Protein chains: 2
Amino acid sequence: MADEPPPVIWARLSSQGRGPARTLNHVAITAVAIALADADGVDAVSMRKIAGRMDHSAMALYRHVGSKDDLTELMYDAVLGELDLTGIPSGNWRADVSRLAREIRRLHHAHPWIARFGHRPTLGPHAQRFREAGLACVDGLGLGIDAMMDLLSTALAFTRGFVEQELGEVEAQRRTGLDFAGYQRQTGPFIAQLLDEGDLPYLKRLIIEAEDFPDPHVVFERRLAMVLDGLTARVDRTG
Amino acid sequence: MADEPPPVIWARLSSQGRGPARTLNHVAITAVAIALADADGVDAVSMRKIAGRMDHSAMALYRHVGSKDDLTELMYDAVLGELDLTGIPSGNWRADVSRLAREIRRLHHAHPWIARFGHRPTLGPHAQRFREAGLACVDGLGLGIDAMMDLLSTALAFTRGFVEQELGEVEAQRRTGLDFAGYQRQTGPFIAQLLDEGDLPYLKRLIIEAEDFPDPHVVFERRLAMVLDGLTARVDRTG
DNA sequence: TCTAGAAATGTACACCGTAAACGACTTGAG
DNA sequence: CTCAAGTCGTTTACGGTGTACATTTCTAGA
């Protein structure tokens with residue numbers, strides 16, 4: 001039976017054996033990749049550019065990360081390491097879950113590209129740490145593990161969906177290289193035309209009645225509170 | 001002042017002027033692109049492959065779609081056209097919003113690649129139709145347009161977040177080319193090792209206590225109901 | 001009928017992920 | 001101490017990508 005390399009990256013991060021001293025490692029590679037993604041967007045991340053910044057050839061990276069797909073998983077988990085989970089669980093599950101949601105949102109704003117990775121299930125250490133912390137928040141409420149997952153996953157699913165919509169608009173501007181004013185100037189005439197032509201009463205109401213420049217933080221908190229109200233009702237029903 | 005082409009795709013879809021009769025149009029191109037994405041994943045969609053399927057050169061497509069980025073926007077809006085909105089609004093806002101959520105989820109399952117587009121804001125006709133239908137559901141409850149958006153966007157943000165996590169696992173399997181059993185066989189040893197080594201009490205509880213093969217539909221409905229409970233509380237407070 | 005301008009093509013460029021072959025180096029087994 | 005085993009990093013190469021540009025072909029309006 002061949003001793004094949006394990007298919008899970010996290011089991012494949014080898015330690016130094018024989019051979020030349022290493023001048024690279026997956027942590028440093030991941031850090032450079034993240035810096036590149038933060039600065040120029042995830043599409044600008046390429047093996048050649050990462051290698052260039054580290055004064056190496058592109059192929060050298062493959063000794064450490066296996067494939068670009070692996071690298072994205074390393075990037076995602078590394079970024080999860082930035083979550084601040086101190087003082088969690090605090091004993092107040094609603095406050096804790098709110099904090100986790102805010103942390104996830106903060107993370108997405110700091111690294112807008114993580115939305116593009118589709119939140120694949122990762123077995124990385126930081127994902128584990130996060131899951132443990134999250135479930136600890138909703139433990140001791142008299143719920144089984146499935147119901148605990150319901151609470152946590154629902155709050156986080158909402159958060160990710162919210163942030164994605166938020167970032168979709170930010171990224172649309174970044175791609176076109178326009179600021180908000182420029183973006184509005186470009187789309188404005190078309191929207192005016194829509195209002196004239198089409199039968200879009202709610203678009204009209206949105207433009208006329210809606211708050212002009214809502215603070216995204218306030219909107220997020222308002223909607224998160226509604227979700228948490230729903231979760232609270234579930235907890236009260238059992239606990 | 002130069003008569004520059006409008007930056008919004010939807011205002012740039014020209015009609016026949018002089019010149020050779022058209023043998024392509026953006027609707028057909030978009031349809032082929034969607035078929036390709038459905039069959040082989042979004043990464044398999046390339047201008048050359050689309051053109052090949054239509055017996056044309058790659059560059060011919062650029063007469064009709066501007067750029068690949070534009071094409072993705074056309075794809076997204078086209079797919080929104082598959083939403084079944086008949087009988088909406090029905091007068092029962094909670095039932096309507098539930099239906100919209102299920103429709104969105106169904107759409108993501110039929111076209112798993114739409115998650116990768118980050119739900120950018122689109123000005124396409126089907127996105128408009130969907131927004132109008134959605135806001136109509138939550139009209140007449142005594143709420144302002146901002147609160148109406150809160151209800152709708154919260155339910156849909158949850159839905160998108162849920163589906164993304166769901167599809168993340170599906171896509172992870174598709175990429176590795178393994179079925180669920182094979183996937184488990186690959187990750188199993190590593191998870192066993194994690195349980196031995198690390199201090200991961202909740203991972204252990206998940207493996208031991210959690211329902212073995214939960215029906216994703218049931219899980220979705222259960223969590224969606226919690227979210228809607230939260231929204232209902234908000235409506236009752238005002239309405 | 002003539003011609004401006006649109007449709008579609010072919011070529012070309014810069015870039016991408018990564019397979020394969022290779023030399024340089026370190027180390028563990030004898 | 002010796003030396004084969006095995007790792008690290010490089011070079012080269014292949015097949016793919018999006019799309020800029022120049023060119024040819026065709027048709028609708030003047």
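**Exercise 1. Determine which helix gives the most to the surface near DNA strand C, and describe that surface.**

Solution. Helix 2 of chain A makes the greatest contribution to the surface near DNA strand C, with 3 residues. Helices here are DSSP runs of H or I with at least four residues, numbered from the N terminus. The model is predicted: local features need pLDDT of at least 70, side-chain atom pairs count only at pLDDT 80 or more, and totals for chains, interfaces and linings use all residues. Residues are numbered from 1 along each chain as its sequence is written, while chains are lettered from A and ligands numbered from 1 in the order in which they are written.

Step 1. DNA strand C is surrounded by 25 residues, the closest being A:Arg18, A:Ser46, B:Gly19, B:Thr23 and B:Ala60. A residue is near a strand if its C-beta atom, placed from the backbone, lies within 6 Å of it.

Step 2. At least two residues of this surface come from each of helix 2 (47-53) and helix 4 (68-80) of chain A.

Step 3. The classes are 9 nonpolar, 8 polar and 8 charged residues. Ala, Val, Leu, Ile, Met, Phe, Trp, Tyr, Cys and Pro count as nonpolar, Asp, Glu, Lys and Arg as charged, and the others, Gly among them, as polar.

**Exercise 2. Describe the surface near DNA strand D by its helices and residue classes.**

Solution. Step 1. Among the 25 residues that surround DNA strand D, the closest are A:Gly19, A:Thr23, A:Met59, A:Ala60 and B:Ser46.

Step 1. Helix 2 (47-53) and helix 4 (68-80) of chain B each provide at least two residues; helix 2 of chain B has the largest share, 3 residues.

Step 2. By class, there are 9 nonpolar, 8 polar and 8 charged residues.

**Exercise 3. State how chain B is related to chain A, and how the two chains meet.**

Solution. Step 1. The superposition is by least squares on the C-alpha atoms of residues with pLDDT of at least 70 in both copies.

Step 1. In the interface, 57 residues of chain B are in contact with 58 residues of chain A, contact meaning C-beta atoms, placed from the backbone, within 7 Å. Helix 7 of chain B supplies the largest share of its side, 19 residues.

Step 2. Because 100% of the interface residues of chain B are also interface residues in chain A, the copies meet through the same surface.
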